[in-house]
Amino acid sequence: DEKRRASTEWPVHLGIYAATRHQAIAHGHALSATAVGWRTDRIEPIDVEGAYYFGHIPVLEHAPATASPELGQALAAVFSDNPGVIVRGHGVFAVGESLARAAQRITSVNDSAELIIKARQLGLDTNALANINVGQVFTDDPAVEKLWDSQYPAYFNLRSLIGKDVLGNELDTASFLDGGDGTVSGRYNEG
């Protein structure tokens, strides 16, 4: 039955499970992350969420890049240091204590890659932005730690820290609110 058939990536998943203690593995063909993976061997996130969760995001080049126990073993070695990795030309694999956390990490990897693409389109120096070390900005704030742990989407990023978005518009950082459902939202100053 087509609806019940396992993914062709099952050998990769089994290889990771056999070599690690991770409880969940997620895989997706995240477009921005896959595209950036062709240009670099590792992503240095310029957003708070990416820097917080990953520090850096490795890009693994492996042949074959799909459906092999050897790829699972290669990914398991990377997962000892990082919960998310891009497989060049294929997509993102992520691990976590739950399937929801692993899937959220795929989104975080892709969001970090997409922000790099957009920042470069705007002419920003992403190497300089990566050196800001945004992942260390809030680590001593218990309220922010709680937000990170609630697995909210990547709405809260570097723009909220510096008070301006990439176009120079002032942000009303006091209006960034915890929506109670794990989401964070914000609005621009009107003046």
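Let me begin with H27, which is found in strand β1, and let me say at once that what we are looking at is a predicted model. H27 counts as partly exposed because its relative accessibility is 22%, whereas buried would require a value under 20%.

What does H27 touch, once we leave aside its neighbours within four places in sequence? The residues in contact with H27 are E9, H13, H90, G91, V92, F93 and I106. For G91 we also have a C-alpha separation from H27 of 7.3 Å, although the two residues lie 64 residues apart along the chain. The side chain of H27 makes two polar contacts that I would point out, one of 3.0 Å to the side chain of H90 and one of 3.2 Å to the side chain of H29.

H13, from that contact list, takes us to helix α1, residues 10-19, where P11, V12, H13, G15 and I16 are buried. The cover over the buried residues of α1 includes β1, α4 (69-79) and β5.

I106, also in contact with H27, takes us to the largest nonpolar core, which has 20 residues, and I106 is listed with A33, I43, I57, I86, V92 and V109 as touching the most other members. Two or more residues come from each of β1 (24-28), α2 (31-37), α3 (48-54), β3 (57-60), β5 (91-96) and α5 (99-121), and α5 gives the most, with six residues. Apart from this core lies another, of 13 residues, including L60, L71, L75 and V85.

Conventions: Residues numbered from 1 in each chain as written. Predicted model: local features only at pLDDT ≥ 70, side-chain atom pairs only at ≥ 80, totals over all residues. Heavy atoms only, no water. Core = buried A, V, L, I, M, F, W, Y, C linked by side-chain atoms within 4.5 Å. Buried < 20%, exposed > 50% of the residue type's maximum accessible area, 1.4 Å probe, protein only. Helix = DSSP H or I, 4+ residues; strand = E, 2+ residues; numbered from the N terminus. Contact = heavy atoms within 4.5 Å. Polar contact = N/O pair within 3.5 Å; in protein donor to acceptor, adjacent residues only side chain to side chain.
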